[in-house]
2 protein chains.
Amino acid sequence: MKISVVGVGQTKFGQSRKDISDLMLEACEKALASANASVDQIDAFYIGNFSSSFTDQCHLPAVLASRLSVNKEITRVESACAAGGLAFKEAVLAILSGLYRTVLVVGVEKMSDKSVETATKILATAGSKEEMAHGATFPSLYALMAQRYFFEYGANERVLAKVAVKNHKNALHNPVAQFHKRITVEDVLRSRMVALPLKLLDCSPISDGAAAVVLCAEKWAWKFTDKPLRLAGIGHEVEAIELFMRKDLTSMPAVVRAAQKAYTMAGIEPRKVDVAEVHDCFTIAELIQIEDLGFCKKGEAKNMVDQGRTEMGGEIPINPSGGLKAKGHPIGASGVAQVVEIFYQLRSEAGKRQVKNARVGLCSNLGGAGSTSVVSIFVL
Amino acid sequence: MKISVVGVGQTKFGQSRKDISDLMLEACEKALASANASVDQIDAFYIGNFSSSFTDQCHLPAVLASRLSVNKEITRVESACAAGGLAFKEAVLAILSGLYRTVLVVGVEKMSDKSVETATKILATAGSKEEMAHGATFPSLYALMAQRYFFEYGANERVLAKVAVKNHKNALHNPVAQFHKRITVEDVLRSRMVALPLKLLDCSPISDGAAAVVLCAEKWAWKFTDKPLRLAGIGHEVEAIELFMRKDLTSMPAVVRAAQKAYTMAGIEPRKVDVAEVHDCFTIAELIQIEDLGFCKKGEAKNMVDQGRTEMGGEIPINPSGGLKAKGHPIGASGVAQVVEIFYQLRSEAGKRQVKNARVGLCSNLGGAGSTSVVSIFVL
């Protein structure tokens with residue numbers, strides 16, 4: 001892969017008064033500034049966005065053209081909550097095609113215009129219509145995974161709670177995070193039940209926000225920065241949308257395969273990863289991905305979490321940004337925001353949340369109940 | 001461009017009892033059969049789909065994975081009504097990236113699940129929120145273009161009607177067309193006024209349907225067919241979503257630039273095009289594109305249409321398939337269905353609607369009021 005990330009930008013995540021076009025524009029302008037680039041230097045744009053039902057606005061490519069005052073090639077990409085990671089992948093393909101030198105990817109979602117009830121319905125469109133017709137929602141699908149994980153490997157609600165506590169703690173040092181609120185295991189356990197065993201504080205929030213990154217062919221990176229991130233490998237996999245089609249609820253096969261592709265392409269082994277941003281839409285999702293990404297053997301993630309080995313200063317710090325749980329989860333933005341965090345981490349620009357000696361970073365972005373997976377690996 | 005189209009497939013367009021996943025599956029299976037390919041030979045899939053609000057189903061990549069029983073790289077692409085053409089472009093980039101040999105593109109929309117009123121609202125999400133808030137709809141935006149075109153170039157409602165009459169006539173010989181109904185200029189003029197001067201029969205219908213094509217790197221085309229279509233050039237442009245930003249309402253600058261790119265890439269001049277599928281969402285759109293695609297000088301399209309030079313047997317037959325007007329316009333499918341028709345035409349497989357000696361074919365796919373344009377040129 002001869003692809004470099006040369007600049008990043010992100011809005012504050014949380015509830016915003018800005019509309020979706022304002023959010024996109026802010027993230028784009030910050031990423032351009034970070035890359036010391038003018039908009040004229042960008043050959044093509046990719047937008048990651050989950051659902052136009054949140055804003056009643058399709059045709060975001062033309063909206064972005066208006067806001068940036070450009071006539072360019074702009075494309076929107078979607079695969080549920082992996083929209084951002086997938087837009088990043090499409091930008092990579094665009095550069096590899098040889099038709100473009102420099103591409104900007106912006107992920108965005110403006111969710112708070114709708115009520116929580118409506119937002120829940122829109123989120124459910126990422127799942128199987130058959131399963132949703134039987135009463136499933138995303139919390140309940142992930143709850144099934146948690147129950148089975150507990151049964152198979154003896155984890156429990158306290159372990160899940162520790163994932164949320166860690167991510168909230170990390171977010172305290174992330175100025176753009178939605179929550180700057182320290183929580184305890186007891187807080188999580190006492191929070192409102194959503195779908196047994198997942199409680200409110202096991203779930204990522206509804207958020208507004210955007211994140212953007214500027215990519216270019218490696219040979220042009222010097223024009224923008226003397227510290228480009230190199231994309232070492234990327235993997236993308238999609239499998240059946242129905243959870244009932246999955247043989248083992250304690251693993252997400254799409255993640256396993258996407259990670260294998262990314263590791264193989266990068267020539268890097270899981271144990272070489274120094275820092276990871278992992279799609280923690282629900283605490284159980286982080287636990288399962290720790291295993292599916294190869295950071296430990298099957299059934300051992302509960303010990304890793306319980307022993308603090310994924311905390312800052314631990315064996316492999318996961319979600320130093322605060323993750324979806326505490327940084328926030330504006331759906332289409334999340335996969336791009338993961339790359340933003342890894343950019344800061346590998347360049348040692350993450351301030352108080354800096355992972356020491358971080359040389360290899362990984363992003364894992366999920367769609368739906370893990371039916372879509374995009375995994376990317378970066379080195380400085 | 002070393003890209004070949006080696007197989008195509010399409011469902012019947014019109015109102016369908018099938019759901020969106022059935023429609024996708026049928027088009028994919030037909031395209032695979034046409035390419036003599038098994039699904040295992042496809043490395044990646046691209047889906048063109050406009051709005052999940054029609055079906056309350058996002059995450060179509062995972063839906064397609066379920067229906068095809070595959071674990072593959074599947075991506076949904078959207079830029080309003082150009083979703084299909086843009087999915088085709090992304091598939092081209094994917095092959096050019098060198099990471100994939102063979103890619104399938106499927107465009108789909110299932111619109112009839114919603115009422116006409118709801119569908120009209122969903123369609124309006126492809127436009128500027130500001131313009132729509134002031135009462136605009138797509139018929140009224142295209143009506144403004146028509147009024148200005150009449151004022152500038154002296155065309156009239158009879159000329160527009162002739163576009164609809166021609167496309168309905170062509171559709172009589174297309175078995176998958178939504179309408180098999182001959183209409184006259186008087187029928188169009190007498191049909192219900194929608195937005196002055198556009199009447200019901202100037203407008204494309206609400207449709208269900210899917211279309212699919214199989215692409216591969218040219219060097220592998222022999223594995224699938226001895227008559228591959230070669231993609232000679234492709235252009236994509238996006239400009240501001242607001243119509244009020246356009247200096248001249250009688251032209252779509254995105255189409256002009258996308259076409260220039262495609263012609264330059266192909267090394268082909270407009271006068272060499274033998275047959276074209278042109279995005280006639282409204283009759284005026286076909287008239288304007290005849291000029292923007294370079295088939296005649298500015299202001300002369302009205303004469304071309306009036307004199308029958310775009311009819312079968314004319315100087316350049318446009319929309320032998322029946323176009324969006326009569327073949328139907330399942331939004332995300334339309335850009336892909338254009339490629340399907342050109343495939344048949346250049347291979348002399350179009351039966352009673354065959355354009356004689358068709359060696360160069362062009363597709364022009366629009367998004368919104370022409371803010372997105374994808375133009376592609378094919379040769380046998």
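Which backbone oxygen lies 2.9 Å from a polar atom of the side chain of A:Gln289? I opened my notebook with that, and here is what I looked up.

**Ground rules.** I am reading a predicted model, where local features need pLDDT of at least 70, side-chain atom pairs count only at pLDDT 80 or more, and totals for chains, interfaces and linings use all residues. Residues are numbered from 1 along each chain as its sequence is written, chains are lettered from A and ligands numbered from 1 in the order in which they are written, and side-chain values use heavy atoms, with hydrogens and water left out.

**Entry 1: A:Gln289.** I found the oxygen: it belongs to the backbone of A:His279. I take a polar contact to be a pair of N or O atoms within 3.5 Å; within protein, one must be able to donate a hydrogen and the other to accept it, and residues adjacent in sequence count only if both atoms are side-chain atoms. A:Gln289 sits in helix α10 of chain A, residues 283–292. Helices (H or I, at least four residues) and strands (E, at least two) are DSSP runs, numbered from the N terminus. Is A:Gln289 buried or exposed? A:Gln289 is buried, at a relative accessible area of 0%. Buried means under 20% relative accessible area, exposed over 50%, and partly exposed in between, with a 1.4 Å probe and protein chains only. Leaving aside residues up to four places away in sequence, I listed what A:Gln289 touches: A:Val255, A:Val278, A:His279, A:Ser364 and A:Leu366. Contact here means heavy atoms within 4.5 Å.

**Entry 2: strand β10 of chain A.** Eight of the eight residues are buried, so β10(A) is largely enclosed by the rest of the structure. Next I checked its partners; two strands pair if DSSP finds at least two bridges between them. Strand β9 of chain A (residues 275–278) runs parallel to β10(A), joined by four bridges, and A:Ala276 stands opposite A:Leu362. With β11(A), the pairing is antiparallel over eight bridges, and A:Val360 stands opposite A:Val379. Four residues lie between the strands of this hairpin, where A:Gly368 takes a positive phi near 60°.

**Entry 3: the largest cavity.** Its volume is about 50 Å³. A cavity is a set of points, on a 1 Å grid over the protein atoms alone, where a 1.4 Å probe fits but cannot get out; lining residues have an atom within 4 Å of a point. Grid points are joined across faces, edges and corners, and the volume is the space filled by probe spheres set on the points. The lining includes A:Cys363 and A:Asn365, and α13(A) gives the most to it, with three residues.

**Entry 4: helix α2 of chain B.** Eight of the nine residues (60–68) are buried, so this helix is largely enclosed by the rest of the structure. Its cover includes β3 and β8 of chain A, along with α1, β2, β3 and β4 of chain B. After the helix comes B:Ser69, with a positive phi near 55°.

Note on methods
1 Å grid on protein atoms, 1.4 Å probe; cavity = no way out; pocket = protein on both sides within 12 Å on 5 of 7 lines; lining within 4 Å.
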